[in-house]
Amino acid sequence: GHLVALVAVVACVLLGRWQLDVWHDHRSDSAAAVTREDPVPLDDVLGPDAAFPASGVGRPVVVEGRWDPGHTVYVADRPGDSWEGVWVVTPVITATGSAIPVVRGWTNSPTAAPAPPTGSADLVGLLQPSEDTGSPDSDTRDDVIPELSITDLLPRAAYDLYGGYVVATERGLPSGSSASTGMAGLSPVTPARRPRPSRSRHAV
């Protein structure tokens, strides 16, 4: 009887792991499919004062506005090809008066990053939810942050922020006009280098 019970427990554990793997594969396939959709205006997916929608993760959106180079920050401990570096993030102030943080790309260190862009911003990016794991910022006086948390960025900005951020891509604009992505001199942040959204995060 004990042997039968043990076999049943092992079978249940293996079945549960198989179901979890299938769920993860399905979720990854769905997320990849979303990134291939046609881009739409940012405010059609996420408004300035709206909660982040579950359907918005990885959605291609068109971001238009002007760069705010003075509030560029660097997200630490981001994987590169063979070592960790930083994400370079510069806000774009949209016509609403609110700003969306844009991950322009990856580089070895803040000192290796090119000068932030100025003027108009026009790009297609992949929408991502705020990173809110609670990682402490050891020095709030510098421009290096442990994670891309919208809550933590608010005290640094003189305007409202959207409830998420955008990872810049080199995709062309639907209008056919020239893009201003701010990616020059930086390595693109690929899907494999983006963190997975926390399972505890609630979206609508």
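## The β3–β4 loop

D81 sits in the loop that connects β3 (73–79) with β4 (84–93). The model is predicted. D81 has a relative accessible area of 70% and is exposed, because exposed means over 50%. In sequence, D81 and S187 are 106 residues apart. In space, the C-alpha atoms of D81 and S187 are 9.7 Å apart.

β8 is mostly covered, with five of its five residues buried. G164, V166 and A168 point one way from β8, while Y165 and V167 point the other way. Residues on both of these sides are buried. In a regular strand the side chains alternate between the two faces of the sheet.

β8 is joined to two strands described here. Strand β5 (residues 99–107) runs parallel to β8, and two bridges join them. V103 has V167 of β8 as its bridge partner. Strand β6 (residues 120–129) runs antiparallel to β8, and five bridges join this pair. For L127, the bridge partner in β8 is V166.

## The segment after β8

G182 belongs to the segment that follows β8 (164–168). With a relative accessible area of 16%, G182 is buried, because the cut-off for buried is under 20%. Apart from neighbours within four places in sequence, G182 is in contact with W67, R104 and P117.

## The β7–α3 loop

S149 is located in the loop between β7 (144–145) and α3 (150–153). S149 has a relative accessibility of 2% and therefore counts as buried, the limit being under 20%.

The side chains of S149 and D132 are joined by a polar contact of 2.8 Å.

Definitions and conventions: Residues numbered from 1 in each chain as written. Predicted model: local features only at pLDDT ≥ 70, side-chain atom pairs only at ≥ 80, totals over all residues. Heavy atoms only, no water. Helix = DSSP H or I, 4+ residues; strand = E, 2+ residues; numbered from the N terminus. Buried < 20%, exposed > 50% of the residue type's maximum accessible area, 1.4 Å probe, protein only. Contact = heavy atoms within 4.5 Å. Pairing = 2+ DSSP bridges. Polar contact = N/O pair within 3.5 Å; in protein donor to acceptor, adjacent residues only side chain to side chain.
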